[in-house]
Amino acid sequence: MTETRLRTLTHTLAYSLTLLFMIALAIQNLRYGFYDLFYLAMALGLGAAGGIAYTLVKRRRQLMAPGHTVLLSMMNLLAVLAVFASPQPDVSHWTLALILLNLLILPLRTALALTLALIACVAIWLFMTTTATQALVTLGGLLLLFGAGVFYSWHYSNMAQSAEDLAITDSQTGAHNARFLDETLQKEISRARATGNPLSVIQLHVDHLDEMTDLHGPDRVALLMREVTQTLFGVIRAGDTLYALGTGDFFLVLPFTPEEGVRVMAERVRRTLGEAEWPVAGRLTVSLGCTAWATSDTTSDHLRDRAGAALQEAQQRGTDRAWFLPGHPNAA
Ligand SMILES: Nc1nc2c(ncn2[C@@H]2O[C@H](COP(=O)(O)OP(=O)(O)OP(=O)(O)O)[C@@H](O)[C@H]2O)c(=O)[nH]1
């Protein structure tokens, strides 16, 4: 199940349960003649129904649905009004549903802020209207639920983050994977087109890889590639991204970097890798193909193909060098 689907399901379930809870509260208060509370429960029920509708409308963009924050802020406010409007202390259990809703639906920080504000209001009201012991018991229950909700929410966002990291990371080297390269490069091209900022790329190949594999075996070469990746991470600056395309093949996306910059960068990478002492191979050399974005480059393939052609040129000219191929600014 995709994350968006899971969120849509969780949100719909949470709002639906709240709706049922509020209908039950509304009926109970109507029977006892507490009309203020009846109307407040109805308003909260309407809020929950609105939440279901909003969740379904936004089902494809659940991660970018700011309406939940607005809706839940209003519902929390209504719950506080219900608590302060009530003649009975046990109305504090109205907030149970809101605590769960906040933590299941909102981003963790927003949920924490809103829920703590809600619990603080209820605590003030409890200490004003009941004995200290009863207030502490009720508060203890609310905090227990709060703790469980925070744990779930934190655990869930951690799991989602690690799943996302796994999907875009090359397990052998720890660099980003090739699938993520096209996505990022396309975004960077759109950004360069919109802002006019320069963008460059480098394709890098470790020279004589086949001989190295024959000599040391694939496992030790894989270990070496991990070391190369770590060294490359140390050379690039924040905002640059590194991708592993296959054993010995890497790609660098360098935003805000013009032609002169990518030449400096390629030479720096070549020298850094060439001068290092490596655990498996002792010494190694690399060939680099560089290019800079031109207005005719509309897709990631344009830049990847040109960087690949520049790399071939560097290899044909004897390896251990960088080669730059310019784009064609006026081409269609
Ligand atoms: N993307 C990227 N470009 C780099 C990096 N290092 C150098 N460059 C490019 O090469 C140019 C010259 O870099 P340097 O020789 O370090 O000179 P600098 O004046 O210290 O460069 P700045 O970092 O821009 O202050 C920079 O302006 C960048 O365009 C890097 O790590 N990443």
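Strand 5 and strand 6 run parallel and are joined by 3 bridges, and in this pairing leucine 288 has alanine 322 of strand 6 as its bridge partner. The model is a predicted one, with a protein chain that holds 11 helices and 6 strands. Of the 332 residues of that chain, 33% count as buried, and among contacts between residues at least 6 apart in sequence, 68% join residues at least 24 apart.

- In general, the strands of a sheet pair through backbone hydrogen bonds, and they may do so in parallel or antiparallel fashion.
- Strand 3 (residues 241–246) and strand 4 (residues 249–255) run antiparallel and are joined by 5 bridges, with threonine 241 standing opposite valine 253 of strand 4.
- These two strands, strand 3 and strand 4, form a hairpin with 2 residues between them, and glycine 248 in the turn has a positive phi of about 85°.
- Strand 2 is joined to strand 4 by 7 bridges in an antiparallel arrangement, in which histidine 205 stands opposite aspartate 249 of strand 4.
- Strand 2 is also joined to strand 5 by 7 bridges, again with the two strands running antiparallel, and here glutamine 203 stands opposite glycine 289 of strand 5.

**Burial of the strands and the helix across them**

- Strand 5 is mostly covered, since 7 of its 7 residues are buried.
- In a regular strand the side chains alternate between the two faces of the sheet.
- For strand 5 both faces are covered, with Val286, Leu288, Cys290 and Ala292 buried on one side and Ser287, Gly289 and Thr291 buried on the other.
- Strand 4 is largely enclosed by the rest of the structure, because 5 of its 7 residues are buried.

**Nonpolar cores**

- The largest nonpolar core has 43 residues, and those with the most contacts inside it are Val201, Ile202, Phe250, Leu252, Ala266, Leu288 and Cys290.
- A second, separate core has 37 residues, including Val80, Ala97, Leu100 and Leu142.
- Valine 201, leaving aside its neighbours within four places in sequence, is in contact with Phe251, Leu252, Val253, Leu254, Thr291, Leu303 and Ala307.

**The shell around the ligand**

- The residues that surround the ligand are Ile236, Arg237, Asp240, Leu254, Thr257, Gly261, Val264 and Met265.
- By class, this shell has 4 nonpolar, 2 polar and 2 charged residues.
- Helix 10 (residues 259–275) gives the most to the shell around the ligand, with 3 residues.

**Isoleucine 105**

- Isoleucine 105 lies in helix 4 (residues 94–105), and it counts as buried because 23 other C-beta atoms lie within 10 Å, where 20 or more are required.
- Not counting residues up to four places away in sequence, isoleucine 105 touches His11, Ala14, His68 and Leu72.
- The C-alpha atoms of isoleucine 105 and serine 153 are separated by 8.9 Å, although the two residues are 48 residues apart along the chain.

**Positive phi in residues other than glycine**

- Histidine 208, in the loop between strand 2 and helix 8 (209–216), has a phi near 55°, a positive value in a residue other than glycine.
- Histidine 208 counts as partly exposed because it has 16 C-beta neighbours inside 10 Å, a number that falls between the limits of 12 or fewer for exposed and 20 or more for buried.
- Aspartate 320, found in the loop between helix 11 (300–316) and strand 6, has a phi near 50°, again a positive value in a residue other than glycine.
- With 17 other C-beta atoms within 10 Å, aspartate 320 is likewise partly exposed.

Conventions: Residues are numbered from 1 along each chain as its sequence is written. This is a predicted model: local features need pLDDT of at least 70, side-chain atom pairs count only at pLDDT 80 or more; totals for chains, interfaces and linings use all residues. A residue is near a molecule or strand if its C-beta atom, placed from the backbone, lies within 6 Å of it. Helices (H or I, at least four residues) and strands (E, at least two) are DSSP runs, numbered from the N terminus. Ala, Val, Leu, Ile, Met, Phe, Trp, Tyr, Cys and Pro count as nonpolar, Asp, Glu, Lys and Arg as charged, and the others, Gly among them, as polar. Two strands pair if DSSP finds at least two bridges between them. A nonpolar core is a set of buried Ala, Val, Leu, Ile, Met, Phe, Trp, Tyr and Cys residues joined through C-beta atoms within 7 Å. Two residues are in contact if their C-beta atoms, placed from the backbone, lie within 7 Å.
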